[in-house]
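Welcome! Please have a look at the model below, and then let us walk through a few of its features together.

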Amino acid sequence: ENNGQRLIMDFYAKKKNIRYYIEVKDFRTIAPMFIIQQLIQVANVIKKMDKKAKLVLITKEKIVLNETIKKSLENWDYILDESSLDKLKDI
């Protein structure tokens, strides 16, 4: 919780004292800007609460990350799509 506002993530896990916050979105190449804005806000809140937290965004298909979106999502440690889920075991 942050200032009485609830923060809802799809999944939460903890491994070796590191907290993982995982969000799953049904994006298909283009991510809507209002959702990108929500992801930015969520990431900012979590990173303020826990600087060591790892944020994982999983999308349906590989999304197009132009420089603006890439910069906007810089607080997300991992951005994976369904075809790269095997990388989760390395996180």
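## A tour from one tryptophan outward

Leaving aside neighbours within four places in sequence, Trp76 is in contact (heavy atoms within 4.5 Å) with Met9, Tyr21, Glu23, Leu39, Val42, Ala43, Leu55, Val56 and Leu57. A word on the basis of these values: this is a predicted model, where local features need pLDDT of at least 70, side-chain atom pairs count only at pLDDT 80 or more, and totals for chains, interfaces and linings use all residues. Residues are numbered from 1 along each chain as its sequence is written, and side-chain values use heavy atoms, with hydrogens and water left out.

**The cores.** A nonpolar core is a set of buried Ala, Val, Leu, Ile, Met, Phe, Trp, Tyr and Cys residues joined through side-chain atoms within 4.5 Å. The largest one here has 18 residues, and Leu39, Ile46, Leu73 and Trp76 touch the most other members. At least two of its residues come from α1 (33–49), and at least two from β3 (54–59); helices (H or I, at least four residues) and strands (E, at least two) are DSSP runs, numbered from the N terminus. The most is given by α1, with seven residues. There is also a second, separate core of six residues, with Val56, Ile58, Leu80 and Ile91 among them.

**Buried or exposed?** The table lists four residues by relative accessible area; buried means under 20%, exposed over 50%, and partly exposed in between (1.4 Å probe, protein chains only).

| Residue | Relative accessible area | Class |
|---|---|---|
| Asp50 | 14% | buried |
| Tyr21 | 13% | buried |
| Tyr12 | 47% | partly exposed |
| Lys89 | 64% | exposed |

**Two polar contacts.** Such a contact is a pair of N or O atoms within 3.5 Å; within protein, one must be able to donate a hydrogen and the other to accept it, and residues adjacent in sequence count only if both atoms are side-chain atoms. Asp50 sits in the loop between α1 and β3, and a polar atom of the Asp50 side chain lies 3.1 Å from the backbone nitrogen of Lys52. Lys89 is found in the segment after β4 (78–81). A polar atom of the Lys89 side chain lies 3.2 Å from the backbone oxygen of Asp86.

**A pair of rings.** How many aromatic pairs does a search of the whole structure find? The search finds one. The rings of Tyr12 and Tyr21 have centres 5.3 Å apart and planes at 55°, so the pair is tilted. Rings of Phe, Tyr and Trp (its six-membered ring) pair if their centres lie within 6.5 Å, and planes under 30 degrees apart count as stacked, over 60 as edge-to-face and the rest as tilted.
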